[in-house]
Amino acid sequence: MRHRLYYLLPDVDSARKALDELLLRRIEARHLHFMSTTAELPPDLPEAGFLHKTDVVHGGENGMIIGAGLGLALGALIVFYFPLADNSAKAGIVLLASLIGVLFGGWAASLAAAAIPNTRLQAFYPELDKGRILLIADIPARRIQEIERFMAERHPEMRFGGEAAHIPVFP
């Protein structure tokens, strides 16, 4: 299990140093992402991807919940207005309508959320607009304290932006 740590770095040189030191600490480059809103990052810094920058995941989650509820309601209405003798057919219709609602709601909401900046990073945007660089590091849970101590010792110029333990980060 990994936890996501956020660090605000003042410039590209500091970001490069942080990347090198985390790589030496055996944090893989695929678990490190940098984000800037004012300047283009150099190619040697792994840039945050589409899912980091947009609200697709959050929008999809909300759309799936709303779609499930609406699908359940639609399935119940269909069963109510078109009575069937077989109870298993009624349950199948409600289940199928709910499943279609989950899929359609998740798809439609994620399309809409693709145009919205990530709401989980909302607190960092004022600093990013000032030219700072955000480091998003996905760290194994057992090494969080070690990495936090190490980064605080080696990079006094950076600001720790917090930890997001509720985000599932896959290897």
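Visitor: In what sense do E2 and strand E3 pair, and over how many bridges?
Guide: In this predicted model, strand E2 (residues 32-35) pairs with strand E3 (residues 133-140) in the antiparallel sense, over 4 bridges.

Visitor: Which residue in E3 does Met35 stand opposite?
Guide: Met35 stands opposite Leu134.

Visitor: Which way do the residues of strand E2 point, and are they buried or exposed?
Guide: Leu32 and Phe34 point one way, whereas His33 and Met35 point the other way. All of them are buried. In a regular strand, side chains alternate between the two faces of the sheet.

Visitor: On to the helices. At what angle do H3 and H4 pack?
Guide: Helix H3 (residues 56-81) and helix H4 (residues 87-113) pack at about 150°, and their axes are 6 Å apart. Angles over 145 degrees count as roughly antiparallel, and H3 and H4 are therefore roughly antiparallel to each other. Their crossing is right-handed.

Visitor: How do the residues of that contact of H3 with H4 divide?
Guide: The contact of H3 with H4 has 13 nonpolar residues, 11 polar and 1 charged.

Visitor: What about H1 and H6: how do their axes cross?
Guide: The axes of helix H1 (residues 12-24) and helix H6 (residues 144-154) cross at roughly 140° and come within 11 Å. H1 and H6 are therefore oblique to each other, and their crossing is right-handed.

Visitor: Which residues in H1 and H6 meet?
Guide: From H1, Ala18, Glu21 and Leu22 meet Ile147, Phe150, Met151 and Arg154 of H6. The residues of this contact divide into 5 nonpolar, no polar and 2 charged.

Definitions and conventions:
Residues numbered from 1 in each chain as written. Predicted model: local features only at pLDDT ≥ 70, side-chain atom pairs only at ≥ 80, totals over all residues. Heavy atoms only, no water. Axes fitted to C-alpha atoms, helices over the stretch in contact; angles between N-to-C directions. Helix = DSSP H or I, 4+ residues; strand = E, 2+ residues; numbered from the N terminus. Parallel < 35°, antiparallel > 145°, perpendicular 65-115°, else oblique. Left-handed = near helix turned anticlockwise from the far one by under 90°. Nonpolar A, V, L, I, M, F, W, Y, C, P; charged D, E, K, R; others polar. Buried < 20%, exposed > 50% of the residue type's maximum accessible area, 1.4 Å probe, protein only. Pairing = 2+ DSSP bridges. Contact = heavy atoms within 4.5 Å.
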